[in-house]
Amino acid sequence: MTGPAWDAFWSTLPAAPGAALWDSSPQLTAARHLPLFRDHADPLLPLVDIGCGNGRQTQWLARHFRRVIGLDIAESAVELAATSHAAPNAAYRRADLLDQDAAAALRAEFGDVNVYMRGVLHQLAPDNRARMLTTIRLLLGEFGVLFAQELTERTGWYVAELLDSGAPLPKTAGLAAHFSFGAPVAPAHDGRLRRLFEGNGFDVVADGDIPMHTTERTSDGQPLELPTRYIVARAPGLPSPQEKS
Ligand SMILES: C[S@@+](CC[C@H](N)C(=O)[O-])C[C@H]1O[C@@H](n2cnc3c(N)ncnc32)[C@H](O)[C@@H]1O
């Protein structure tokens with residue numbers, strides 16, 4: 001989706017927590033991600049949440065990093081984040097991370113940062129994915145670490161089969177009408193997500209399968225989980241914090 005489309009999405013979404021399909025509790029989301037990258041990352045570096053949306057995960061991450069900056073292309077998302085998920089060490093700003101001038105300005109302001117990115121890459125046009133990875137490499141610098149969770153083709157197939165089976169999943173069906181959940185637009189097949197990062201100048205230090213908890217309930221009352229992948233990456237050839245000590 002484009003910036004204006006995201007702005008329209010966030011400005012018309014009901015304000016209640018969990019209105020967006022992906023707006024799951026941080027206990028089921030960022031809290032499960034942090035152990036996957038904490039040992040690789042320097043918590044004294046700022047953490048930038050790219051495509052922070054309403055800031056729910058950003059606010060939780062602010063407990064674990066000295067300073068956190070949530071960035072989103074949609075002004076309405078940033079305004080919602082600032083009012084609904086404030087923290088003393090968290091700031092929210094509008095920024096298009098595909099804009100290389102904006103990326104350079106962030107780099108100049110913050111120096112090396114850690115980057116958290118959940119569910120952003122898959123909805124970018126293929127040409128823009130490489131541009132987003134260029135931005136992330138610039139922001140990480142020498143010592144920053146990236147954690148990313150992304151939808152893949154498998155996510156798309158899973159959602160398509162669920163909906164074909166007639167499962168009553170109104171949020172999922174509503175979003176599927178606009179997104180394809182990765183099937184034709186996924187950044188890569190499951191195993192190739194890693195290679196996408198490696199091919200764009202990252203050293204991938206960990207990757208694997210991970211469920212994406214959603215705010216949709218299945219017929220047995222459990223949160224619907226979608227199959228997705230995660231990646232932990234940084235600049236090539238650097239020792240991790242444990243290796244340095
Ligand atoms: C699926 S939502 C995920 C929100 C949040 N990361 C979360 O997990 O709750 C994707 C977010 O990426 C933002 N986004 C899309 N393109 C962007 C870009 N070029 N620069 C910054 N943010 C972008 C959208 O506005 C949207 O809030």
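Leaving aside neighbours within four places in sequence, with which residues is Ala 41 in contact? The answer is Asn 114 and Val 145. Two residues are in contact if their C-beta atoms, placed from the backbone, lie within 7 Å.

This is a predicted model: local features need pLDDT of at least 70, side-chain atom pairs count only at pLDDT 80 or more, and totals for chains, interfaces and linings use all residues. Residues are numbered from 1 along each chain as its sequence is written.

**View 1. The whole protein.**
The protein has ten helices and seven strands. Helices (H or I, at least four residues) and strands (E, at least two) are DSSP runs, numbered from the N terminus. The C-alpha atoms fill a box of roughly 55 × 40 × 30 Å, taken along the principal axes. Of the 245 residues, 42% count as buried. Buried means that 20 or more other C-beta atoms lie within 10 Å of the residue's own; exposed means 12 or fewer, and partly exposed is in between, with C-beta atoms placed from the backbone. Take the contacts between residues at least 6 apart in sequence: 69% join residues at least 24 apart.

**View 2. The annotated span.**
An unreviewed UniProt entry carries the annotation "domain: Methyltransferase" for residues 48–140. UniProt positions are given in the numbering used here, feature names are shortened, and annotations may be inferred rather than shown by experiment. The end C-alpha atoms of this span lie 10 Å apart. The span is 45% helix and 19% strand.

**View 3. Around the ligand.**
The ligand is surrounded by 20 residues. The closest are Trp 6, Gly 51, Gly 53, Ile 73 and Arg 118. The shell divides into eleven nonpolar, four polar and five charged residues. Here Ala, Val, Leu, Ile, Met, Phe, Trp, Tyr, Cys and Pro count as nonpolar, Asp, Glu, Lys and Arg as charged, and the others, Gly among them, as polar.

**View 4. Gly 53.**
Gly 53 lies in the loop between β1 (47–50) and α3. Gly 53 is buried, because 26 other C-beta atoms lie within 10 Å. Leaving aside neighbours within four places in sequence, Gly 53 is in contact with Asp 72 and Ala 77.

**View 5. The nonpolar cores.**
The largest nonpolar core has 51 residues. Such a core is a set of buried Ala, Val, Leu, Ile, Met, Phe, Trp, Tyr and Cys residues joined through C-beta atoms within 7 Å. Val 48, Leu 61, Val 115, Leu 139 and Leu 146 have the most contacts inside this core. Helix α6 (residues 126–140) gives the largest share of the core, five residues. Apart from it lies another core of eight residues, including Trp 22 and Met 212.

**View 6. The loop between α2 and β1.**
His 40 and Ala 41 both lie in the loop between α2 (30–37) and β1. His 40 is partly exposed, with 19 other C-beta atoms within 10 Å. Ala 41 is buried, because 24 such atoms lie within 10 Å.

Note on methods:
Near = placed C-beta within 6 Å.
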